[in-house]
Amino acid sequence: KGMIEHGQIIFKNGFGEGVDIKDFKKLLNEKAVIDILSSYYRSEKRKLLLQLALGKWSEGVYIEPPYHANWGGKHLFLGKNVYINFNFGAVDDANIYIDDYTMIGPNVCIATANHPILPELRLKGYQYNKDVHIGKNVWIGANVVIVPGITIGDNSVIGAGSEVVKDIPSNVVAVGNPCKVLREITEHDRARPVRRGRYETPCGRRIRGLSRCQYRKVRKQMA
C-alpha cells in the first residue's frame with residue numbers, strides 16, 4: 001500500500017521495502033504496473049502512476065481497469081480526452097499512437113509485435129515490431145483486434161469484433177473479419193434513424209414521433 005513520507009509517495013514492493021515514486025519508471029514491466037495500479041484504480045495516485053508509466057498522457061485521458069501492456073504503456077502515446085474501456089491490451093513493443101477524442105471499447109487488443117512465419121526463425125526467437133497509428137475522434141468497438149503496422153484515419157468507426165489487418169481511411173465505417181470499409185460517413189449520419197419515427201441528434205438526444213416534414217426541419221437546423 002502507498003503512504004506519504006516527507007511529501008513523497010512511497011510504495012511497498014514484494015519484499016516489504018519502500019519504493020520512491022522517482023524509481024517507479026524502473027519497474028516498467030506488466031506485472032509491477034498492474035499489481036500497483038489495481039490498488040489505486042480510481043484514485044489520484046493511479047492517475048499519477050499512469051502519467052509516469054505512459055509514453056504520453058494528455059488532459060482528459062481515462063483508462064478503465066484492468067489495463068494490460070507489455071511495457072506498462074511506455075510506448076503508448078495518448079492524445080487529449082482519449083477514453084479506453086476495461087480490459088484493454090497493448091502489446092506495445094513498438095509505439096502505439098492514439099489521437100485526441102478517440103474512444104476504445106471493452107476487450108480491445110492493439111498489437112505491434114510480429115513473428116516470422118518460418119518455424120526455424122521462430123525457434124531462434126526472432127521478432128519484428130511495427131507502430132500503430134489511430135487518428136482523431138475514432139470509435140473502436142468492443143473486442144476489436146488491431147495488428148502491427150495499421151493506420152486508422154480520423155473520425156472512422158470500427159465495428160465490434162472486427163480484426164483490422166489493413167489500413168482504414170478517414171471518415172468511414174469499417175467492420176468484419178478481415179475488417180473492410182462498409183461505407184463512408186456522410187451528412188445522412190448527422191441525424192440518423194434509431195427506429196421508425198425516432199431520431200437521434202448529434203448530442204445524443206432522441207426525438208420521438210417526427211413526421212418527414214418535421215424531420216427535414218430538424219436536419220436543416222442542424223446543418
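The legends below describe close-up views of a predicted model.

View 1. The chain holds four helices and 24 strands, and buried residues make up 38% of its 223 residues. When contacts between residues at least 6 apart in sequence are considered, 21% of them join residues at least 24 apart. The chain exposes about 13300 Å², of which carbon and sulfur atoms supply 52%.

**View 2. An open, parallel sheet of four strands.** The strands of this sheet follow the order S6-S9-S14-S17, and their pairing is parallel. Strand S6 (76–78) and strand S17 (151–152) lie at the edges, each of them pairing on one side only. Strand S14, which comprises residues 132–134, runs parallel to S17 and is joined to S17 by two bridges; across this pair, His133 stands opposite Thr151 in S17.

**View 3. Asn95 in the loop between strands S8 and S9.** Asn95 is placed in the loop that lies between strand S8 (88–91) and strand S9 (96–98). Is Asn95 buried or exposed? Asn95 counts as buried because its relative accessibility is 19%, and the cut-off for a buried residue is under 20%. The side chain of Asn95 makes a polar contact, at 2.9 Å, with the side chain of Tyr97. If residues up to four places away in sequence are not counted, Asn95 touches His75, Phe77, Thr112, Asp131 and Val132.

**View 4. The buried residues of helix H2.** Within helix H2, which spans residues 44–53, Arg46, Leu49, Leu50 and Ala53 are buried. These residues lie on the same side of H2, because the arc they cover around the axis is only 100 degrees.

**View 5. The largest nonpolar core and the surroundings of Ile146.** In soluble globular proteins, nonpolar side chains tend to be buried together. In this model the largest nonpolar core has 32 residues, and those with the most contacts inside the core are Ile110, Ile140 and Ile146. Two or more residues of this core are given by each of strand S5 (67–69), S6, S8, S9, S14 and strand S20 (172–175). Which residues are in contact with Ile146, leaving aside its neighbours within four places in sequence? They are Cys109, Ile110, Ala111, Val132, Ile134, Ile140, Ile152 and Val164.

Methods. Residues are numbered from 1 along each chain as its sequence is written. This is a predicted model: local features need pLDDT of at least 70, side-chain atom pairs count only at pLDDT 80 or more; totals for chains, interfaces and linings use all residues. Side-chain values use heavy atoms; hydrogens and water are left out. Buried means under 20% relative accessible area, exposed over 50%, partly exposed in between (1.4 Å probe, protein chains only). Contact means heavy atoms within 4.5 Å. Accessible areas come from the Shrake-Rupley method with a 1.4 Å probe; for residues, only the protein chains shown count as cover. Two strands pair if DSSP finds at least two bridges between them. A polar contact is a pair of N or O atoms within 3.5 Å; within protein, one must be able to donate a hydrogen and the other to accept it, and residues adjacent in sequence count only if both atoms are side-chain atoms. The arc is that of the directions from the helix axis to the C-beta atoms. A nonpolar core is a set of buried Ala, Val, Leu, Ile, Met, Phe, Trp, Tyr and Cys residues joined through side-chain atoms within 4.5 Å.
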